[in-house]
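Subject: Structure handover

Hi,

Here is the structure for you to take over. Please open it first, then read the notes below it.

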Amino acid sequence: MANKMRKDLPRNEWDITIVDQYKTHYYQPGFLFIPFGYYKEADVIKPKSNFLPMGVNLVYSEIDKIDGDNNKVALKGGEVLNYDVLIIATGTKISPEETPGLKGDLWHKSIFDFYTIEGSKALASFFKTWEGGELVVNIADMPIKCPVAPLEFSFFADAFFLERGMRDKVNITYVTPLSGAFTKPRASKMLGSLLAEKNIKLVTDFFLGEVDNENKRIIDFGGQEIPFDCLVSIPIHTGDPMIERSGLADDLGFVPANKNTLQSDKFENVFVLGDAGNFPTSKAGSVVHFQADTLHENLMCYIENRPFTSSFDGHSNCYIETGHGKGALIDFNYDTEPLPGSFPFPGLGPFGLLKESRMNHYGKLMFRWIYWHILLKGKEMPIDSQMTMAGKKME
Ligand SMILES: Cc1cc2nc3c(=O)[nH]c(=O)nc-3n(C[C@H](O)[C@H](O)[C@H](O)COP(=O)(O)OP(=O)(O)OC[C@H]3O[C@@H](n4cnc5c(N)ncnc54)[C@H](O)[C@@H]3O)c2cc1C
């Protein structure tokens, strides 16, 4: 957003300030690859300052509180910043401490996450010497970032243990609160068949209540138990605690905002971008990129006192690793579920929607380069930020 807005706002009239607590930026989709040794930490980390244009103030500090009534942001050290317009983009993080026993004695010993750099690195060293047993991949509850990532993890695990000649020693169980492999019917069917093909057991409608460290079991709210030797958990996701302290949060700490205009429900000069919002679409980097086009246009409308002209449609686009050098792709929005077809060019692809192909796997690998060089720098992609039906098949 800083890259986009700095081009349009005269420097003698507008200051742009970014506040972030950390100097480093992680390419989070890369965390999926680390447990299997496909990527190392160095492949997913860069300094934030690399991506910002001249003429933007960068403040490294934790935000303590947003005071929306008085247009102020209080920083942890006591400094207070005033604003005319505020964009909240504080993302979401896993909160394993919300589930009894999850962050217990076995945390990062036989219970892991792969949604943090620490978790994915701990899992990588565990897998190096693990001799097999019950591998349980569990989503505690929705919403989570990149809802396909746990499926990709399971597909990778199948391929990884097969390639190491020990697949027969590892039982993989995929345990989800959803009633199928994925949220939307067609994608759920396709991804559910892939799980079955790869001999990955699917357990649905399981809402994680607690983790029994002593007997190595996960237990849902209805009392159903599943034993594990290695638990890969996708814990409950929450917004940053600062959002709640600021009186801006819903039950999970996300900021309620208009899903089309991206304006906060509470303050007209506050806008919300990405995972921090309560938008009914995936929490995904592709979504942030598409939203940014709408936000750019609507911020200019707000500043120039015109009605909003852009409406975000919920567009999300995710490559899904399916193992053995193949991948799938889904493209959808608030109203249209993932459909089969070709992307981005009708009939030509080169990527296939809702089907496995090598090209889709290359798309996922290319995404890292695109992320560092195009998305973070706020450059244009040759893909419309609004979802298009071209290339999609309705049958
Ligand atoms: C394992 C995994 C796989 C994924 N795979 C994909 C994928 O294949 N495709 C895809 O599109 N997306 C994927 N994602 C999701 C994607 O990474 C996120 O959706 C995206 O990074 C969200 O961007 P954001 O700007 O909203 O939040 P973030 O990138 O999380 O940034 C939030 C920023 O806010 C800062 N912050 C928060 N609170 C404070 C505070 N109080 N004070 C100061 N600073 C604060 C943080 O330090 C951080 O820099 C994946 C994520 C994970 C974990």
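Where is Leu354 placed? The place of Leu354 is the loop between strand E23 (349-353) and helix H7 (358-375). Keep in mind that this is a predicted model. Leu354 is not a glycine, yet it has a positive phi of about 50°.

Asp205 also has a positive phi, of about 55°, and is not a glycine. Asp205 sits in the loop between strand E13 (200-203) and strand E14 (208-212). Its relative accessibility is 41%, so it counts as partly exposed. For background, most residues other than glycine have a negative phi, and most peptide bonds are trans.

Met142 and Pro143 are joined by a cis peptide bond, with omega at about 0°. Pro143 is in the loop between strand E11 (133-139) and H3. The peptide bond from Phe343 to Pro344 is also cis, with omega near -5°. Pro344 belongs to strand E22 (residues 341-345).

Overall build

The protein has seven helices and 23 strands. Its radius of gyration is 21 Å, close to the 21 Å that the globule rule gives for 395 residues, so the protein is as compact as a globular protein of that length. The C-alpha trace spans about 65 × 50 × 40 Å along the principal axes. Of the 395 residues, 54% count as buried. Take the contacts with a separation of 6 or more: residues 24 or more positions apart account for 64% of them.

The accessible surface comes to about 17,700 Å². Carbon and sulfur atoms hold 51% of that surface. As for charge, there are 41 positive and 51 negative side chains. The centres of the two sets lie 6 Å apart.

Cores

Which residues of the largest nonpolar core touch the most other members? They are Phe127, Leu135, Phe153 and Leu191, in a core of 95 residues. Helix H3 (residues 149-163) gives the most to this core, with eight residues. Leu191 is in contact with Leu151, Phe155, Ala181, Phe182 and Ile320, leaving aside neighbours within four places in sequence. Another core, of 16 residues, lies apart from the largest one. Val136, Val203, Ile226 and Phe228 are among its members.

Phe228 turns up again at Ser110. Leaving out residues up to four places away in sequence, Ser110 touches Lys216, Phe228, Asp229, Cys230 and Leu231. Ser110 lies in the loop between strand E9 (92-94) and strand E10 (111-112). Is Ser110 buried or exposed? Its relative accessible area is 7%, and the cut-off for buried is under 20%, so Ser110 is buried.

The loop between E15 and E16

Two residues here deserve a look. Phe221 is found in the loop between E15 and E16. Its relative accessibility is 69%, so Phe221 counts as exposed. Beyond residues up to four places away in sequence, Phe221 touches Phe207, Leu208 and Gly209.

Gly223 is in the loop between strand E15 (217-220) and strand E16 (225-227). Gly223 counts as partly exposed, at 42% relative accessibility. Gly223 and Val19 are 204 residues apart in sequence and 44 Å apart in space, C-alpha to C-alpha.

Lys4

Last, look at Lys4, in helix H1 (residues 2-8). At 5% relative accessibility, Lys4 counts as buried. How far apart in space are Lys4 and Lys377, which are 373 residues apart in sequence? They are 8.4 Å apart, C-alpha to C-alpha. Lys4 is in contact with Ala292, Asp293, His296, Gly378 and Glu380, again leaving aside neighbours within four places in sequence.

Over to you.

Best regards

Methods. Residues numbered from 1 in each chain as written. Predicted model: local features only at pLDDT ≥ 70, side-chain atom pairs only at ≥ 80, totals over all residues. Heavy atoms only, no water. Helix = DSSP H or I, 4+ residues; strand = E, 2+ residues; numbered from the N terminus. Rg over C-alpha atoms; globule rule 2.2 N^0.38 Å. Buried < 20%, exposed > 50% of the residue type's maximum accessible area, 1.4 Å probe, protein only. Contact = heavy atoms within 4.5 Å. Areas by Shrake-Rupley, 256 points an atom, 1.4 Å probe, with all protein chains shown as cover. Lys, Arg positive; Asp, Glu negative; His and termini not counted. Charge placed at Lys NZ, Arg CZ, Asp CG, Glu CD. Core = buried A, V, L, I, M, F, W, Y, C linked by side-chain atoms within 4.5 Å.
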